[in-house]
Amino acid sequence: MKNVSTLVTGGAGFVGLALVEHLLGQGEAVTVLDVIDVPVDAKQIFSKLPGQLRALRGSVLDRGALNAAVEASRPSAIVNAATVTPDGGRESVDPISVNEVNFNGALNVLEVVRTHRIRLVHLSTSGVYGEIQNRPGFSSPLVDEDVLPGPRSLYAISKTAAEQTVMRYVELFGIDAVVARVGVAYGPWEYETGSRHVFSAPLQLLRLAHVRTEAVISRQSIKDWSYSRDIARGIALLKDAREGLKSRIFNVSGDTAWAISDFAQYLTTAFPGFRFRIAASTSDPAVNATLSKASDRQGLDMARLKRETSYVPAYDPASAFCDYVAWADQTKCWR
């Protein structure tokens, strides 16, 4: 077993939980700090892994809880996965909480990191690039980390402010920190947490297929969908690759773009009787699987992560689908 301890804030959420599973599978001791409980499904599966799990209740808005978690677990690294991912409705009715968790919470984590001198991996989002596909003068086939941020939503704005603050703390205080800009994620451990209001199209389709309801998809979409288990491995490599990193900000995303209709077609084989269609327009009242109205952006450039770590995605679209359905068959939290 590795003599490694990691604290994952927001570790009971989607990407955080996927990371926790990966680290436990590597034999690490992992402490989760979250305002919600680790799902029963996860506890049962994680109990069979070689690592050791400790789950603590607490918020990144409570610096005392953060310090107590550090003192209890003595981690060599913190991964800040605490986030609120709102839809447009949540932005309109509760903009304060989005900024509180995504920015003020990150600031609290930074202060704890500065005090205890612990390595930090801060999880950000590809949303920092904004509607890059509409940006005048941008014609690159891939989006690399040197592209200037252009966030539009409160979620992306707050995440951009947080990652820029991380970089300023590096300059001011010499903390050991990197930022992971996570792509469009889907896969194991995406479920209803109360803080995630925008569910991936693959999860929406999986839910519909499970109950054999015809899926009417708001539009066709081709994206570099990012499988959560690949994302988790990429984050873990950034956590562990200390001396080998030359950069501070990394895209962590899928390696291949594919159409959402491809995923729906896979589901017709796994769930006989399930059907789907692409809506003639986004105003079709039968739409029950929604994607953003904006055009799909270019894929994220993964060259930096591959160059500075040993990262290679373990899953292609077909193998990810098989793994996802197998996971869904073993769990209930996503339904």
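Visitor: Where do Glu111 and Arg114 lie?
Guide: Both are in helix α5 (residues 95-116), 3 residues apart, about one turn of the helix. Helices (H or I, at least four residues) and strands (E, at least two) are DSSP runs, numbered from the N terminus.

Visitor: What am I looking at here?
Guide: This is a predicted model, where local features need pLDDT of at least 70, side-chain atom pairs need 80 or more, and totals for chains, interfaces and linings use all residues. Residues are numbered from 1 along each chain as its sequence is written, and side-chain values use heavy atoms, with hydrogens and water left out.

Visitor: Back to Glu111. What does it form with Arg114?
Guide: A salt bridge, with the closest N and O atoms 3.0 Å apart. That term means a side-chain nitrogen of Lys or Arg within 4 Å of a carboxyl oxygen of Asp or Glu.

Visitor: How many salt bridges does the structure hold?
Guide: It holds 17. Another one joins Asp176 and Arg119 (2.5 Å, N to O). Asp176 lies in the loop between α6 (154-173) and β7 (177-182), and Arg119 in strand β5 (residues 119-125), so the pair ties together parts 57 residues apart in sequence.

Visitor: Is Arg119 buried or exposed?
Guide: Arg119 is buried, at 2% relative accessible area. Asp176 is partly exposed, at 28%. Buried means under 20%, exposed over 50%, partly exposed in between (1.4 Å probe, protein chains only).

Visitor: New topic: rings. What makes a pair?
Guide: Rings of Phe, Tyr and Trp (its six-membered ring) pair if their centres lie within 6.5 Å; planes under 30 degrees apart are stacked, over 60 edge-to-face, the rest tilted. By this rule there are 15 aromatic pairs. Phe46 and Trp189 have ring centres 5.5 Å apart and planes at 65°, so they are edge-to-face.

Visitor: Where do those two sit in the chain?
Guide: Phe46 is in helix α2 (residues 40-46), and Trp189 is in the loop between β8 (185-186) and α7 (201-210). They are 143 residues apart. Trp189 is buried, at 0%.

Visitor: How many residues has the largest nonpolar core?
Guide: It has 67. Trp189, Leu205, Phe263 and Leu267 have the most contacts inside it. Such a core is a set of buried Ala, Val, Leu, Ile, Met, Phe, Trp, Tyr and Cys residues joined through side-chain atoms within 4.5 Å.

Visitor: Which helix gives the most to this core?
Guide: Helix α1 (residues 14-25), with 8 residues. A second, separate core has 25 residues, including Leu33 and Val179.
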